[in-house]
Amino acid sequence: MKRFTSLFFISMLFVASQTVWAQDKMLTVEDAVYMNPKIYPVRVAQLKWIPGSDYYVYAKQNKLYKVSARGGSETLLLTLDNINEMMNKNGYDSLKRLPQISFLNNEELYFSKGNVWYDYNLENNELTNIAEIPDTAVNIDFNKKSRYLAYTLKNNLFISAGGDQIQVTNDENPGIVNGQTVHRVEFGINTGTFWSPDGKKLAFYRKDETMVADYPLVNIDTRIATVQNTKYPMAGETSHQVTLGVFNPQTGQTVFMETGEPKDHYLTAVTWDPSGEYIYIAILNRDQNHMKLNKYDVATGKLVKTLFEEKNSKYVEPEHPLYFNPNNPDEFIWFSERDGFDHLYLYNTDGKLIRQITKGDWVVTEFMGYYGKSKIVFKATKESPLEQNIYSVELDGKKMIRLTPDHGTHTGRMSSSGKYLIDIYSNTETARQYKLVNYKGKEIRIIKENNQPLKDYNLGKTRIFTLDPDTTPELYCRMITPPGFDSTKKYPVIVYVYGGPHAQLITDSWLGGAGFFLNYLAQQGYIVFTLDNRGSANRGRDFEQAIFRNCGTVEIQDQMFGVNYLKSLPYIDTARIGVDGWSYGGFMTVSLKLRNPGVFKVAVAGGPVIDWKYYEVMYGERYMDTPQTNPEGYKKASTLTYLDNLEGKLMIIHGTMDPTVVWQQSLVFLQTAIKKGKQMDYFVYPGHGHNVRGRDRAHLYTKITNYFKDNL
């Protein structure tokens with residue numbers, strides 16, 4: 001085993017021992033569940049650019065202010081009183097607070113009140129009712145150009161257009177679902193509708209899940225408990241079938257794209273051609289290892305051509321649409337991991353690769369847009385896997401400029417001209433700060449100064465560092481020590497774990513990404529340790545795909561490397577190591593406890609995957625294949641395989657209405673433990689889904705904290 005290396009120190013300014021602030025407050029459970037606004041980072045309400053300009057706006061005390069990026073001059077643009085005057089004039093009820101504003105253009109904005117959408121013209125101070133929809137409408141999708149509004153009622157799709165309500169689908173069978181998300185939102189698309197470039201046609205998903213078995217969720221809020229069935233296709237079982245239709249409100253006709261068979265494939269990356277005559281769909285096979293990017297004729301639904309294909313022996317993961325060049329509609333940018341890292345590729349509409357724009361051992365995480373004649377802006381981990389910075393680059397891949405001058409985790413909004421960027425970021429010294437920078441990354445002004453919301457709190461010290469095993473890339477870790485830490489004493493440890501795909505727990509952000517609860521636990525006298533193992537996000541394809549067909553294997557190896565590091569430290573009480581996690585982290589928690597007997601004295605697992613054969617098709621089969629094709633992998637990953645090793649204290653927590661990791665998962669574990677004569681603790685949250693939200697979350701955190709206090 002290689003010695004532990006690459007140790008480096010990143011401390012929050014307000015937890016450093018040199019601080020001059022009085023730090024005597026302790027976090028409460030209510031603080032830990034974000035019920036105390038006084039400890040939130042600073043926020044600028046409704047901060048956004050006015051389209052086609054270099055002016056941005058922000059809201060304060062029911063007023064909207066307009067600010068010049070160039071000169072900084074500020075003027076009052078709109079007030080709640082202005083809006084209410086026009087609301088009353090037109091016979092509408094007044095608003096109690098400034099609504100959430102969105103711009104249609106540089107002269108008009110829109111907002112909604114309840115189920116009514118309004119257009120407000122800033123030039124002539126006029127208010128217009130754009131659309132009114134039923135109170136029960138959901139999946140609302142407003143188009144700025146046509147001012148049409150799509151929505152769903154139960155399983156059918158509707159459009160509000162010029163005061164008319166148009167019913168797009170008429171399916172009476174509840175197993176046919178229109179205009180809603182599909183594939184359990186596993187491919188980067190969180191909507192079921194897609195407006196054409198001119199807003200005059202609507203593409204929509206039609207999901208046929210009549211062939212999928214009903215899964216019962218039990219609602220105890222009724223006098224006699226009632227069953228609420230949901231469609232839950234489990235790994236290896238029958239999956240739903242999805243098609244894509246295009247509806248034309250002018251003709252009332254729907255044309256379905258001829259996406260072919262097998263019908264249980266996945267339709268991802270849905271993108272309209274700028275002309276509105278074609279639509280692109282990435283067709284991914286159910287094995288998720290072969291993708292075809294297809295072009296379809298909207299008028300006929302016929303396949304025009306397959307532009308290109310991507311294959312991988314493990315899986316391909318198309319999660320982004322095509323980004324067409326506004327200056328050249330025959331070119332688009334495509335995300336791909338084909339070289340081992342998510343990067344941007346420039347293609348033409350014949351399917352010819354023009355060039356790879358970005359490259360390197362780092363990941364592009366977001367495409368932010370085209371600016372000027374040939375420049376794009378994107379977010380990436382180029383400086384470090386812990387950071388997310390914003391960059392610009394020419395389409396030829398040259399002249400890459402980092403636009404965010406401070407280290408950390410950034411989000412941003414570019415002005416229409418591309419001359420200015422609103423940079424919103426946090427890092428290990430900064431809770432949140434808003435800056436304005438120019439297209440060269442030079443700071444122009446601070447829009448909102450960082451506050452120190454926890455400056456009066458007695459927090460422990462946070463360290464972010466790396467461990468370097470022999471056989472894997474370096475692994476990032478975070479350790480929070482209790483306030484008043486004394487290295488000559490022995491401390492119990494709580495290992496907080498997630499460990500699954502699409503998640504990264506350790507970042508160069510406020511509190512190192514730890515949040516309030518882990519700091520609360522540190523204040524209770526624990527060292528809190530976290531490690532991002534192989535399989536987690538933003539480290540590249542091979543790092544993420546290491547878990548393929550063997551979930552819970554390399555992740556546990558990496559976590560145990562971290563535990564062995566902890567054991568090497570003189571201030572760790574090796575007899576008092578606990579582990580806690582939720583969802584995939586719950587799976588990891590149970591797996592770590594059972595597969596390493598004697599190491600973890602106490603474990604708390606929330607919403608855990610117990611056996612992957614009970615998990616859903618899209619996620620489960622991507623990482624594990626099917627139980628039929630990978631029986632050994634499923635057996636090895638199942639926590640039931642190791643239940644004979646159960647000793648010490650284990651508590652499993654589950655929401656009874658969990659539609660993601662169904663309650664059956666942990667009930668099967670409990671049932672098996674009873675049959676084997678194994679003692680454990682079990683707690684449920686009636687009516688809660690995959691997480692415990694609202695005020696009940698304080699109860700959850702108290703439950704977890706007390707379990708560690710009583711047993712660790």
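**Figure 1. The largest nonpolar core of the predicted model.** In this predicted model, the largest nonpolar core has 66 residues. The residues with the most contacts inside this core are Met 479, Val 495, Phe 529, Leu 566, Phe 600, Trp 612 and Phe 669. Helix 5, residues 554-567, gives the most to the core, with seven residues. A second core, of 36 residues, is separate. Ile 480, Trp 510, Val 604 and Tyr 707 are among its members. In soluble globular proteins, nonpolar side chains tend to be buried together.

**Figure 2. Surroundings of Phe 600 in the largest core.** Phe 600 is one of the residues with the most contacts inside the largest nonpolar core. Residues up to four places away in sequence are not counted here. Val 495 is itself listed among the core residues with the most contacts.

**Figure 3. Helix 2 and its buried face.** Helix 2 covers residues 80-89. Its buried residues are Leu 80, Ile 83, Asn 84, Met 86 and Met 87. Seen down the helix axis, these residues fall within an arc of 165°, so they line one face of helix 2. An α-helix has 3.6 residues a turn, so residues three or four places apart point the same way. Asp 81, Glu 85 and Lys 89 lie on the other side of helix 2, where they are exposed. The cover over the buried residues includes strand 4 (74-79) and strand 6 (108-113). Strand 7 (116-121) and strand 8 (126-132) also belong to that cover. Gly 91 follows helix 2 and has a positive phi, near 85°.

**Figure 4. Packing of helix 3 against helix 10.** Helix 3 spans residues 515-523, and helix 10 spans residues 696-711. The two pack at an angle of about 30°. Their axes are 11 Å apart. The crossing of helix 3 past helix 10 is right-handed. Helix 3 makes the contact through Phe 517, Tyr 520 and Leu 521. Helix 10 brings Tyr 701, Ile 704 and Thr 705.

**Figure 5. Asn 289 and its contacts.** Asn 289 sits in the loop between strand 21 (278-284) and strand 22 (290-297). Its relative accessible area is 24%, so Asn 289 is partly exposed. The side chain of Asn 289 makes a polar contact with the side chain of Asn 285, at 2.8 Å. Leaving aside neighbours within four places in sequence, Asn 289 is in contact with Leu 284, Glu 310, Lys 311, Asn 312, Lys 314, Tyr 315 and Val 316. Glu 310 is 21 residues from Asn 289 in sequence. In space, their C-alpha atoms are 8.0 Å apart.

**Figure 6. A cis peptide bond and two loop residues with positive phi.** The peptide bond joining Glu 261 and Pro 262 is cis, with omega about 0°. Pro 262 lies in the loop between strand 19 (253-256) and strand 20 (266-272). Asn 62 has a phi near 60°, positive in a residue other than glycine. The loop between strand 2 (55-60) and strand 3 (63-68) holds Asn 62. Asn 62 is partly exposed, at 32% relative accessibility. Lys 154 is not a glycine either, yet its phi is positive, about 55°. Lys 154 is in the loop between strand 10 (149-153) and strand 11 (156-161). With a relative accessible area of 77%, Lys 154 is exposed.

Conventions:
Residues numbered from 1 in each chain as written. Predicted model: local features only at pLDDT ≥ 70, side-chain atom pairs only at ≥ 80, totals over all residues. Heavy atoms only, no water. Helix = DSSP H or I, 4+ residues; strand = E, 2+ residues; numbered from the N terminus. Buried < 20%, exposed > 50% of the residue type's maximum accessible area, 1.4 Å probe, protein only. Contact = heavy atoms within 4.5 Å. Polar contact = N/O pair within 3.5 Å; in protein donor to acceptor, adjacent residues only side chain to side chain. Core = buried A, V, L, I, M, F, W, Y, C linked by side-chain atoms within 4.5 Å. Arc of directions from axis to C-beta. Axes fitted to C-alpha atoms, helices over the stretch in contact; angles between N-to-C directions. Left-handed = near helix turned anticlockwise from the far one by under 90°.
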